[in-house]
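Please keep the sequence and the model in view while reading.

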Amino acid sequence: MNEPSLFIDNVSFAKKNHHIHGSVPLASLLRFQELIHHLAPSKALEGERLALHEGFVEYDVLGKVNATGQCIVELGLGVHLTTFCQRCLSAMPLKLSLHFNYLIDEMTEAQILDADDRDDYDIQPASQSMDLLALIEDEIMMAMPISPMHEELCGELATQSGEKSNPFAVLKGLIKS
């Protein structure tokens, strides 16, 4: 099956209530690949780095017009990848589920920056060629944890970090009261 075009006329897309979904390999997101490689521990070999970062992004894009006549584009992302735990430096799976609402407006970028103070949606300029692939990549990069770590304690290093056992604790039992 052919991949749908990832460039849309966002105003027309919203007004016609279009809906597209699909998946994109993470390998096609070049800036994201650079970010992942910076998170890789130096002990990993180049071949291992590439194999560990294979993954995909599932996207779901919905256009609609709200009750006040404003054009809205909703973007849902599901990201499945393997990154490196920054605590133990071993590979770890990472899943992100993201949802964004964009108000499409024909303001200039300077006006958008002034009006961009709402939390319920982000403002995107009206465009006949909105690059969804670049938008997807931007949103994933912003959502990535700065230092990804396992949620539970890491295997080998869990005993090495934090409190250390007292080597003289054995002697405490020998002291007579």
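Which residue of β6 does Y102 stand opposite? The residue opposite Y102 in β6 is D122.

## Basis of the report

The model is predicted: local features need pLDDT of at least 70 and side-chain atom pairs count only at pLDDT 80 or more, while totals for chains, interfaces and linings use all residues. Residues are numbered from 1 along each chain as its sequence is written, and side-chain values use heavy atoms, with hydrogens and water left out.

## Overall composition

The protein contains 6 helices and 7 strands. Helices (H or I, at least four residues) and strands (E, at least two) are DSSP runs, numbered from the N terminus. Read from the N terminus, the order of elements is β-α-β-α-α-β-β-β-α-β-β-α-α.

Of the 177 residues, 33% count as buried; buried means under 20% relative accessible area, exposed over 50%, and partly exposed in between, with a 1.4 Å probe and protein chains only. Contact means heavy atoms within 4.5 Å. Among contacts with a separation of 6 or more, 63% come from residues 24 or more positions apart.

## The sheet

Five strands form an open sheet in the order β2-β3-β4-β5-β6, and the pairing is mixed. Because β2 (19-25) and β6 (122-125) stand at the edges with a single partner strand each, one side of each is left without a neighbour in the sheet. Neighbouring strands of this sheet are turned by 25° against each other on average, direction ignored. Axes here are lines fitted to C-alpha atoms, for helices over the stretch in contact, and angles run from 0 to 180 degrees between N-to-C directions.

Two strands pair if DSSP finds at least two bridges between them. Strands β3 and β4 are antiparallel, with 10 bridges, and L62 has E74 in β4 as its bridge partner. These two strands form a hairpin with 5 residues between them, in whose turn G69 has a positive phi of about 85°.

Strand β4 (residues 71-84) pairs with strand β5 (residues 91-105) in the antiparallel sense over 14 bridges. Along this pairing V79 stands opposite L96, and F84 has A91 as its bridge partner. The hairpin of β4 and β5 has 6 residues between the strands, and L89 in the turn has a positive phi of about 65°. Strand β4 is mostly covered, with 12 of its 14 residues buried.

On to β6: β5 and β6 run parallel and are joined by 4 bridges. The structure as a whole has 1 aromatic pair. The ring centres of F100 and Y102 are 6.3 Å apart and their planes lie at 25°, so the pair is stacked. Rings of Phe, Tyr and Trp (its six-membered ring) pair if their centres lie within 6.5 Å; planes under 30 degrees apart count as stacked, over 60 as edge-to-face and the rest as tilted. F100 and Y102 are both buried.

## Helix α5

Helix α5 (residues 132-143) lies across β2, β3 (56-65), β4, β5 and β6, and runs at about 125° to β5. Its 12 residues reach 16 Å from first C-alpha to last, close to the 16 Å expected at 1.5 Å a residue; the expected span is 1.5 Å times one less than the number of residues.

Within α5, the buried residues are L132, L135, I136, E137, E139 and I140. At the start of the helix, a side-chain oxygen of D131 comes to within 3.2 Å of the backbone nitrogen of L133.

## Two loop residues

H150 lies in the loop between α5 and α6 (169-172). Leaving aside neighbours within four places in sequence, H150 is in contact with C85, R87, C88, S90, A91 and M92. The C-alpha atoms of H150 and C88 are separated by 8.6 Å, although the two residues are 62 residues apart along the chain.

S127 is found in the loop between β6 and β7 (130-131) and is partly exposed, with a relative accessible area of 22%. Not counting residues up to four places away in sequence, S127 touches I8, D9 and N10. S127 and V11 lie 116 residues apart in sequence and 7.2 Å apart in space, C-alpha to C-alpha.

Terms used. Polar contact = N/O pair within 3.5 Å; in protein donor to acceptor, adjacent residues only side chain to side chain.
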